[in-house]
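Trainee: I have not seen this structure before. Please take me through it step by step.

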Amino acid sequence: MHDVSFGPPPSMYTESALAADGARTRRRRRVLAVAVCALVAVLGVGGWLMWYQSGRKSADTGVTAVRQAPDEIRETVEKAPRTPEGAVVIEHDEEHLEKHDTDPRYAPGTWATHKIFAKGVADTITGLRIGVGSMDERAWTLKLDGHLCATTSHVTVDGRTAVVVQPAQPKGAKNPGVCDEVLFFDIDTGRKLWRAKIPDAAAAFVTDTNLTMTRSTVAVAWGRGSVAFDMEDGRQLWKSTSVSACEDKGFAGGRALLAVLRCGQEGDPTYEVQKVDPRTGRTVWTYKIAKGVQAVYLPSSDPPVLAVGAGDITVTDLITLDGKGRRLASISMHGDRYDPLCGKRYGASSYFGDVEYCDGMVVGPTEVFVASKDETEVDQASNWIMAFDIRTGKTVRKFEGRALQPVHPLRMSGDQLLVYRGTRDSIGPAAVVLWNPSTGKETPFLFFTLPSDDDYTLSSPENSDIVVEQGRVFFAKRELTADLKRPKAPVLGAIGIGSAE
């Protein structure tokens with residue numbers, strides 16, 4: 001199970017550039033034209049302008065961004081763009097996928113700053129310039145020693161992030177090797193800031209390596225051990241190896257550093273969650289989870305929120321803790337009613353680290369927002385998002401979806417929630433909106449239509465990264481496969497939408 005191969009890097013042989021460019025141009029024109037027409041048809045020019053202007057005033061006078069240090073994990077507070085009419089600002093195609101036939105080319109890692117969109121694919125990270133109408137305008141290409149093993153969505157205030165990479169292998173080697181290298185780089189420039197070897201990483205494979213960041217610290221866990229590096233120069237701060245009955249399964253970063261430990265026998269494990277001092281590795285507090293839990297995820301380090309699966313790996317409850325690791329509330333996922341989408345990334349959910357990723361939920365300062373499962377009745381709202389109080393576990397407010405327009409929570413923007421509202425059957429444009437859980441007010445952010453042949457994959461949080469940053473929304477697939485009918489045609493890997501003005 002550990003010996004997972006991603007196949008050799010794609011060869012750079014030539015192909016018909018005319019056909020590739022034609023496909024890109026047709027798709028971009030279709031995206032722009034459909035988005036504008038759908039917006040006008042569904043909302044009406046006067047209607048959406050009045051709605052937008054009234055909402056924009058509220059959004060722009062909301063929570064002001066707290067000043068953060070350069071090495072803190074950024075918490076961008078978004079402002080509504082000048083106009084919600086969407087325009088393509090990034091369109092990235094992946095080529096030469098026919099070399100892999102029907103096997104996927106894995107594409108972990110999606111990041112954005114005010115000027116660069118960066119995407120990891122196989123053994124390469126590419127930085128693209130952001131601008132209206134941009135198509136593969138490469139700013140830099142970062143060739144890695146080996147394939148990506150683990151990534152993190154965390155980015156520092158000054159635009160740096162980290163990845164875990166496999167070592168370089170001889171040509172034709174079938175064993176990709178362990179995940180033994182941490183690379184820290186600048187997203188704006190593509191410059192490698194430092195590289196560090198993971199000590200005692202003989203058991204660190206793509207199936208169990210987990211990476212995260214908190215202020216001034218990069219932390220990696222791989223089941224048999226863990227290690228932390230200084231963000232400034234890559235020097236090792238501390239390491240932990242599996243000499244006890246418990247092993248580090250993974251970390252959650254951001255405002256703090258939490259660790260989930262798996263203890264006991266493989267077939268009958270117990271779990272603990274610890275708050276860890278990121279600079280020393282010292283345990284600050286420990287929360288022991290009841291026996292019988294089969295899976296633990298850490299969607300938030302501060303406030304501490306755990307997602308647990310009782311008797312199964314599917315999440316059955318959320319547990320909220322106070323700052324000292326004491327239980328505040330338990331929130332039932334009510335059987336089949338809610339789906340926080342923990343551990344449901346890619347086709348193989350355990351690849352590239354999944355401890356932090358619960359793509360159907362977002363944790364705010366005082367509420368937890370969880371998406372419901374899809375409804376089957378076509379005349380009902382596709383689903384909804386429920387806000388639960390962190391201290392009491394009680395429901396606070398409900399954000400309703402619409403018929404054939406499912407909603408997904410994306411991230412917090414100050415005290416408001418960024419929500420993606422998808423669309424089905426071409427009934428209207430998709431949208432990103434800001435929702436204020438205190439007042440229930442919804443503020444439009446961007447309207448757009450994704451390419452119809454890629455809409456389902458791009459808009460699914462199980463299959464694609466959806467990142468909102470600096471007034472734009474980016475959709476990036478996590479797996480790429482060739483089109484069987486047109487195996488040499490380029491495949492859309494990512495698209496970004498920004499304001500048309």
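Trainee: Is Cys358 buried or exposed?

Mentor: Keep in mind that this is a predicted model. Buried means under 20% relative accessible area. Cys358 has a relative accessible area of 6%, so Cys358 is buried.

Trainee: Which cysteine forms a disulfide with Cys358?

Mentor: A disulfide is a covalent bond between the sulfur atoms of two cysteines. Look for a sulfur atom 2.1 Å from that of Cys358. The partner is Cys342.

Trainee: How many residues apart in sequence are the parts that Cys342 and Cys358 tie together?

Mentor: The link has 110° about the S-S bond and is right-handed. Both Cys342 and Cys358 lie in the loop between strand S22 (327-332) and strand S23 (361-363). The pair therefore ties together parts whose separation in sequence is 16 residues.

Trainee: Where in the chain does Cys179 lie, and where does Cys149 lie?

Mentor: Cys149 and Cys179 form a disulfide, with their sulfur atoms 2.1 Å apart. The pair ties together parts that are 30 residues apart in sequence, because Cys149 lies in strand S7 (residues 148-151) and Cys179 in the loop between strand S8 (160-165) and strand S9 (181-186).

Trainee: Is the link of Cys149 and Cys179 left-handed or right-handed?

Mentor: Take the angle about the S-S bond. For Cys149 and Cys179 it is -80°. That link is left-handed.

Trainee: Which strands hold Cys246 and Cys263?

Mentor: Their sulfur atoms are 2.0 Å apart, and the two cysteines form a disulfide. The link is right-handed, with 105° about the S-S bond. It ties together parts that are 17 residues apart in sequence, because Cys246 lies in strand S15 (residues 246-252) and Cys263 in strand S16 (residues 258-265).

Trainee: What pattern do the disulfides of the chain follow?

Mentor: The structure holds three disulfides. Count the bonded cysteines along the chain. The pattern is 1-2, 3-4, 5-6.

Trainee: Which strands are the edge strands of the open sheet?

Mentor: Four strands form this sheet, in the order S3-S4-S5-S6, with antiparallel pairing. An edge strand here pairs on one side only. The edge strands are S3 (110-112) and S6 (138-143).

Trainee: Which residue in S4 is the bridge partner of Ala112?

Mentor: S3 and strand S4 (residues 116-121) pair in the antiparallel sense over three bridges. Ala112 has its bridge partner in S4. That partner is Phe117.

Trainee: What share of the chain's residues count as buried?

Mentor: The chain has three helices and 34 strands. The share is taken over 501 residues. The value is 58%.

Key:
Residues are numbered from 1 along each chain as its sequence is written. This is a predicted model: local features need pLDDT of at least 70, side-chain atom pairs count only at pLDDT 80 or more; totals for chains, interfaces and linings use all residues. Side-chain values use heavy atoms; hydrogens and water are left out. Two strands pair if DSSP finds at least two bridges between them. Helices (H or I, at least four residues) and strands (E, at least two) are DSSP runs, numbered from the N terminus. Buried means under 20% relative accessible area, exposed over 50%, partly exposed in between (1.4 Å probe, protein chains only). A disulfide is a pair of cysteine sulfur atoms within 2.5 Å.
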